[in-house]
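I open this notebook page to record what I looked up in the structure shown below. The entries follow the order in which I consulted it.

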Amino acid sequence: MANLLSQLSSMFEFGTLDSRTIALVFVVLVSLSILLFIGQILKRQPESNFDPAIVRTFNKRVSAWLTIFVILVVTLLFDETFFFTVVLFGLVSFWALREFITMTPTRRGDHRTLFWVFFVFTPMQYVLVGLDYYSLYTVVIPVYGSLFIAGRIAFADDHKRFLERIAKIQFGLLICVYALSHAPALLNLELSTWNPDLIGGAGWEKWDGKPAGLLFFFIVVVQVSDMLHFVWDRLFGNHVIAPTVNATKSWEGLIGAAMCTAVVGILIQLTMRVTPFTWYGSGLMALIISVMASSGSMTMSAIKRDRGVKDYGTLVQGHAGVLDRIDSVCFAAPIFFHVTRFFLEDRVSQAPVIQDVAAFLVSNAPGFTCIY
Amino acid sequence: MKKLAVPFLATLAKIVSGATVRWIDCEPDDCQRIYFANHTSHLDALILWSSLPKKIRTQTRPVAAVDYWHSGPVRRYLASAFNLLLIDRKKIKVHNSPIDMMIREIGTTESLIVFPEGGRNPTGELREFKSGLYHLAKKRPDLELVPVFIDNVNRVMPKGEFLPVPLLSCISIGSPMWLESGENKNQFLERARHAVLQLKET
């Protein structure tokens, strides 16, 4: 199966996307098209058992996902230096921050701080990611930015609800810009992969895949998790987690989605090998991504309920509501980035001394290794 | 030069303010209209003007104060580029009232954008309207008076700031109204003010 797929797709190899990733892209686009088709059929059947509101939400989401994937694939396709991908994520961050701050009440005294946040910190974060200054882009916003925001608001001579205002702006910047910027930062990683068949050494070798594939895997898994969460909630959701925050998200949805996403992660890795993870590593990563994505949606729901808006999209009519679609990506991105980096970044040179969880797991689980 | 600068600035204002335009019980029309709106920011007139369809905005002129727009070369240039109708707030006299001047200037083709609160309002609450709108309606009963509510532009660029923050704003344009027969000045102004406030709720 894996061979057939990669053989088929090797005929369609483009720029930054290797054949395995192209196979994944193909599978995703075909599945989304099928979902779109099903949604249209459901819409045309007035006598069906499905609630028309759910069908409408479903159709809206599927077309939003399709749009996201098409934009991402087109951007990644010939982007050798990843310049356009970083710019794309930067623009998404900018727009999400715009929605976030529009929804959050700020005072006159916050104006200049907001100017800095929008026009200095946001572009700077993406410039640093683009230049791959890891030691800077991990601290600029949480350390420098946070302190700057507090100081600048104090300088503006307005102490009313001071802590609350600082927290709002810091959180917006952290979620919409800092967290999301870890998705394109994946493209910078020099990753190793565990190869148990390697003679001598500790089994680490340089990963031969393309980082664009890892980014694509990440986005696919987040969206699959969102979709499964939606399905599980509708079909089996009995125990709502926090009814005042989100009336539909249930424990069944959270756990069911996490489990199913893990299975999807394993399947993607086994059939297409787009990531440097082992098959169980891929499953665990998908599990983490799913849990983080659900936490992201819940957090954004809580903020929205507090502000009394249903969707960021309806905040100002006619806008697409970018933040509604990327809240789960924002939460999952930094965790996925750091876990990947911690276990797999540049292992080859350090290989002889490595004694970590991943190596331990692999060397003690010979059953797992026969997969390859 | 102006041919390039005006569409450029209009587009820039649209991008910076992220303005959504809602026509509520009202359609864009090239008949003569007076758009009256709440006033909270310098950008109000520019954003409202640029959110009108192109055909209509070429014959729509914002009314503004000469003392502000003639201080400094940049403002002077902008005033002429956007074809502002400038009113001298200090020289208002009976024989040369700004209402007469407005009516003279618009002739039978142009429309106006006015801010009947008389100045920018930093608190964001809608103040009492000045009587100019009433006199306009009385002297030219054929003009359509269109209420407009401008939301969030005061956060994009508050009074006293010169750099904008790109938040999302919203322009709501309501259904036209006229001076009813037997309506006195205060009743009419209160009804006009209420029409703007109502757009905030919808």
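How many residues of chain B are in contact with how many residues of chain A? I worked on a predicted model, and in it I found 23 residues of chain B touching 20 residues of chain A.

Entry on the interface area. I looked up the area buried between chain B and chain A and noted about 1,700 Å². Carbon and sulfur atoms give 58% of that area. On the chain B side, I recorded B:Arg155, B:Pro166 and B:Leu168 as the residues that lose the most area to chain A. Together these three account for 37% of what that side buries.

Entry on charged pairs. I found a count of two salt bridges between chain B and chain A. I then looked up the pair A:Arg112 and B:Glu161, whose side chains meet in a salt bridge at 2.8 Å, N to O.

Entry on helix packing in chain A. I turned to helix α4 (residues 83–103) and helix α8 (residues 162–179), both of chain A, and read a packing angle of about 150° with the axes 9 Å apart. The crossing of α4(A) past α8(A) is right-handed.

I next listed the residues that make this contact. From α4(A) I noted A:Ser93, A:Ala96, A:Leu97, A:Phe100 and A:Ile101. From α8(A) I noted A:Lys168, A:Ile169, A:Phe171, A:Gly172, A:Leu173, A:Cys176 and A:Val177. By class, the residues of the contact of α4(A) with α8(A) comprise nine nonpolar, two polar and one charged.

Key: Residues numbered from 1 in each chain as written. Chains lettered and ligands numbered in written order. Predicted model: local features only at pLDDT ≥ 70, side-chain atom pairs only at ≥ 80, totals over all residues. Heavy atoms only, no water. Axes fitted to C-alpha atoms, helices over the stretch in contact; angles between N-to-C directions. Helix = DSSP H or I, 4+ residues; strand = E, 2+ residues; numbered from the N terminus. Left-handed = near helix turned anticlockwise from the far one by under 90°. Contact = heavy atoms within 4.5 Å. Nonpolar A, V, L, I, M, F, W, Y, C, P; charged D, E, K, R; others polar. Buried area = accessible area lost by both parts, 1.4 Å probe. Salt bridge = Lys/Arg side-chain N within 4 Å of Asp/Glu carboxyl O.
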